[in-house]
Amino acid sequence: MAAAAEDTVEEEVGRVVDQGKELQETAASLIAKSAHDEQSVRQKVLSLESSIRRCRSLLDRNNHLAPKLAEKLEEDLQKARCIIADGDASAFLPSKPQGRFLKMFLGPINVRASRKDVQLKVKEEYNSYRDKTALLFLFFPSVLLCLRSWVWNGCMPSFPVQLYQAWLLFLYTGLALRENILRANGSDIRTWWINHHYCAMIMAVVSLTWEIKGQPNCAQKQRGVQLFLQWAMMQGVAMLLQNRYQRQRLYTRIALGKAKRMDVVWGETAGVDGQLWLLCPILFILQGFEAYVGLQLLRTAYRGVTSEWQVIFCGFLLVFMAVGNFMNTVEILMVKSRFKAKMKSKSKQELD
C-alpha cells in the first residue's frame with residue numbers, strides 16, 4: 001500500500017511539472033508572436049503617419065485647390081491623424097523621452113501605458129487631483145488668515161506657515177509627476193507649466209528654511225507672508241474657474257475632433273469668448289498680484305526689515321513666474337486670435 005501511494009504521488013508531481021513546462025513554452029511562444037505582430041503594426045502606424053505628413057505638405061504647397069475642397073481634405077487628414085494619435089494605434093507611436101524628473105523619482109521605468117483606457121484613467125486621476133487641490137488651495141490660506149486675525153492677534157507663528165509650505169511642496173511635486181506621466185502618454189501639456197511647477201517646488205523648499213519672525217513689528221515683518229497667502233487664495237479661485245469652464249470646452253473640442261482625449265486643461269487656455277471675458281481679467285490680475293508680492297518681498301529685504309537670502313530668492317522667483325505666466329497667456333491668446341482670423345478668412349472665401 002505504501003509503495004502504491006508513493007507511486008501515485010510521484011506520478012502526480014511529475015504531471016504537474018510537465019504541465020508547468022508546457023505552459024512556459026506556450027507563454028514564451030505567445031510573447032514572441034505578440035512581439036512580432038506588434039512590430040508589424042508599429043511599422044504600419046509609422047508608415048501611415050509619414051503618408052499623412054506628405055499629404056499635408058502637398059496640400060500646403062498646392063494653392064490652386066478650391067477652398068471647399070481644400071478644407072474638406074484638411075478635415076480628412078485631421079481625422080486620419082486623430083485615428084492614430086487618439087486611438088489604440090497611439091500605443092505604437094514612438095514614445096516621448098520621459099525626462100530627468102521622472103527618472104530621478106521613479107528610475108528608468110517606462111510609464112507609458114499600452115492601452116488607451118489606462119491612459120484615460122491616468123488623465124481622469126490628474127483631473128480629480130486638480131479639483132481636490134484647487135479647493136485646498138483656497139481653504140488652507142483662508143484658515144491661516146482668519147486665525148491670524150481672530151486668534152493670533154495679527155502675528156502668525158512659524159509652524160503653521162511652514163506646514164502649509166510643506167503641503168505646497170507635496171502638491172507641486174504631485175502635479176509635476178502626473179504631468180510628466182501625461183506627456184509621456186501623449187498629452188499636450190505645455191513645457192512652461194511643468195517648469196512653473198518645478199519653480200514652485202524650489203520656492204516651497206526654500207520657504208521651509210525661512211524663519212518667520214514675530215514681534216516686534218510683526219505686521220511689517222510678515223507682510224510678505226500675508227500677501228502670499230492672499231495671492232494663494234486668488235490662485236485657488238482661478239483654478240476652480242479653469243477646472244469648471246475650460247474642461248467643459250475641452251470635452252466639446254474632443255467631440256468635434258479638434259482635441260485628443262489625452263489633452264487636459266492647462267495654464268491659461270480658454271474656450272469660447274464668454275469664458276475669455278471671464279477668465280482673462282482674473283488671470284492677468286492674478287499674475288500682476290504675483291509679481292507685486294515678489295516685489296514686496298524684495299522691497300522688505302532692501303529696506304532691511306527681513307534681509308534673509310530666502311526672502312530675496314523667493315521674491316525674484318515670484319517675479320520670474322509671473323512674467324512667464326503672462327508671456328504664455330499672451331502667446332496662447334495670440335494663437336487663438338490667428339486661428340479665428342484664419343477661420344473667418346476661409347468663411348469669406350466660401351461666400352465669394
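How many helices and how many strands are there in the protein chain? The chain holds 10 helices and 0 strands, where helices (H or I, at least four residues) and strands (E, at least two) are DSSP runs numbered from the N terminus. Written along the sequence, the pattern is α-α-α-α-α-α-α-α-α-α. This is a predicted model, in which local features need pLDDT of at least 70 and side-chain atom pairs count only at pLDDT 80 or more, while totals for chains, interfaces and linings use all residues. Residues are numbered from 1 along each chain as its sequence is written, and side-chain values use heavy atoms, with hydrogens and water left out.

Of the 352 residues in the chain, 38% count as buried; buried means under 20% relative accessible area, exposed over 50%, and partly exposed in between (1.4 Å probe, protein chains only). The accessible surface comes to about 20,800 Å², and carbon and sulfur atoms account for 63% of that area, as calculated by the Shrake-Rupley method with a 1.4 Å probe, where for residues only the protein chains shown count as cover. Among contacts (heavy atoms within 4.5 Å) with a separation of 6 or more, 75% join residues 24 or more positions apart.

The interior can be followed through its nonpolar cores, each a set of buried Ala, Val, Leu, Ile, Met, Phe, Trp, Tyr and Cys residues joined through side-chain atoms within 4.5 Å. The largest nonpolar core has 47 residues, of which Phe137, Tyr164, Leu168 and Phe228 touch the most other members. Helix 4 (116-150), helix 5, helix 6, helix 8, helix 9 (273-302) and helix 10 each supply at least two residues of this core. Leaving out residues up to four places away in sequence, Phe228 touches Tyr164, Gln165, Leu168, Met203, Val293 and Leu318. A second, separate core of 5 residues includes Ile52, Leu59, Leu77 and Ile84.

Rolling a probe the size of a water molecule over the atoms shows where empty space is left. Two or more lining residues come from each of helix 5 (158-184), helix 6 (191-208), helix 8 (223-255) and helix 10 (309-351).

Individual positions complete the picture. Ala134 lies in helix 4 and is buried, at 0% relative accessibility; its C-alpha atom is 5.1 Å from that of Gly236, 102 residues apart along the chain. Val237, in helix 8, is partly exposed, with a relative accessible area of 38%. The C-alpha atoms of Val237 and Ile282, 45 residues apart along the chain, are separated by 9.1 Å. Asn328 is found in helix 10 and counts as buried at 9% relative accessibility. Aside from neighbours within four places in sequence, Asn328 is in contact with Arg190, Trp192 and Trp193.
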